Amino acid sequence: MEGGETDDALKLLEKSLKMNKTILGEDDYSNSIIHTLMARAYVKKGKYQEAIQQYSIVWEYAEAKYGLKSKEVAEVFLELADTYDKNKEYKDAVEFQRRAFDTFKEVGGIDKKKVATMAITLGEMYGHNEILDEAVAAMREARA
């Protein structure tokens with residue numbers, strides 16, 4: 001998606017969100033899907049703060065529907081971690097990667113490969129922050 005196409009997509013998504021809220025209401029979970037798409041478009045444009053704002057809204061919807069300790073919220077945490085990482089906000093990236101990892105481990109139901117991948121990513125993020133003990137610990141968790 002080129003820059004102009006991304007801008008056009010965002011305009012359409014904003015219109016879709018407005019219509020969706022008018023028809024289904026402000027609190028309808030389907031709004032979160034549109035916010036997710038908007039966040040991804042902002043990431044593509046390198047507008048990470050706008051993406052983080054959108055993902056924060058998605059988090060609110062997911063937590064309201066599924067609860068804080070849910071796969072759905074953990075998925076949003078992964079998106080936030082990735083976005084913070086791209087924006088070189090490594091402390092926040094680590095926080096959300098850790099929260100996602102811990103939540104997925106707690107709720108279960110995901111394959112070991114995904115857990116290992118999250119642990120490796122977490123280890124790399126700790127490495128960016130020069131928190132080497134935690135980086136090593138995360139890598140060990142990936143092997144478990």
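These legends go with a set of close-up views of one predicted model.

The model is predicted, so local features need pLDDT of at least 70, side-chain atom pairs count only at pLDDT 80 or more, and totals for chains, interfaces and linings use all residues. Residues are numbered from 1 along each chain as its sequence is written, and side-chain values use heavy atoms, with hydrogens and water left out.

**View 1**
Read along the sequence, the pattern is α-α-α-α-α-α-α. Helices (H or I, at least four residues) and strands (E, at least two) are DSSP runs, numbered from the N terminus. The chain has 144 residues, and 38% of them are buried. Buried means under 20% relative accessible area, exposed over 50%, and partly exposed in between (1.4 Å probe, protein chains only). The accessible surface of the chain is about 8500 Å², and carbon and sulfur atoms hold 51% of that surface. Accessible areas come from the Shrake-Rupley method with a 1.4 Å probe; for residues, only the protein chains shown count as cover. Of the contacts with a separation of 6 or more, 52% join residues 24 or more positions apart. Contact means heavy atoms within 4.5 Å.

**View 2. Helix α3 packs against helix α4.**
Two packed helices are described by the angle between their axes and the distance between the axes. Helix α3 covers residues 48-66. The α3 and α4 axes lie 9 Å apart, at an angle of about 170°. That makes α3 roughly antiparallel to α4. Axes are lines fitted to C-alpha atoms, for helices over the stretch in contact, and angles run from 0 to 180 degrees between N-to-C directions. Angles under 35 degrees count as roughly parallel, over 145 as roughly antiparallel, 65 to 115 as roughly perpendicular and the rest as oblique. Residues of α3 in this contact include Tyr-48, Ile-52, Tyr-55, Trp-59 and Tyr-66. From α4 come, among them, Val-73, Val-76, Phe-77, Leu-80 and Tyr-84. The contact of α3 with α4 has 13 nonpolar, two polar and four charged residues. Ala, Val, Leu, Ile, Met, Phe, Trp, Tyr, Cys and Pro count as nonpolar, Asp, Glu, Lys and Arg as charged, and the others, Gly among them, as polar.

**View 3. Trp-59 sits in helix α3.**
Trp-59 counts as buried, at 19% relative accessibility. Leaving out residues up to four places away in sequence, Trp-59 touches Leu-68, Val-73, Val-76, Phe-77, Leu-80, Phe-96 and Arg-99. Trp-59 and Phe-77 are 18 residues apart in sequence. Their C-alpha atoms are 7.8 Å apart in space.

**View 4. Helix α4 packs against helix α5.**
Helix α4 spans residues 71-86, and helix α5 spans residues 90-107. Their axes are 8 Å apart, at an angle of about 160°. That makes α4 roughly antiparallel to α5. The crossing is left-handed. A crossing is left-handed if the near helix is turned anticlockwise from the far one by less than a right angle, and right-handed if clockwise. In α4, residues of the contact include Lys-71, Phe-77, Leu-78, Ala-81 and Asp-85. In α5, they include Asp-92, Phe-96, Arg-99, Thr-103 and Val-107. By class, the contact of α4 with α5 has 12 nonpolar, two polar and five charged residues.

**View 5. Lys-88 lies in the loop between α4 and α5.**
Lys-88 is not a glycine, yet has a positive phi of about 60°. At 62% relative accessibility, Lys-88 counts as exposed.

**View 6. Helix α5 meets helix α6.**
The axes of α5 and α6 come within 9 Å and cross at roughly 155°. The two helices are therefore roughly antiparallel to each other. The crossing of α5 and α6 is left-handed. Residues of α5 in the contact include Val-94, Arg-98, Phe-101 and Phe-104. Residues of α6 include Val-115, Met-118, Leu-122, Met-125 and His-128. The contact of α5 with α6 divides into 11 nonpolar, three polar and three charged residues.

**View 7. Tyr-90 is found in helix α5.**
Tyr-90 counts as partly exposed, at 23% relative accessibility. Tyr-90 and Tyr-126 are 36 residues apart along the chain, with C-alpha atoms separated by 8.1 Å.

**View 8. Asn-20 lies in helix α1.**
Helix α1 covers residues 3-24. Asn-20 is buried, with a relative accessible area of 16%. Neighbours within four places in sequence aside, Asn-20 is in contact with Gly-25, Ser-30, Asn-31 and Ile-34.
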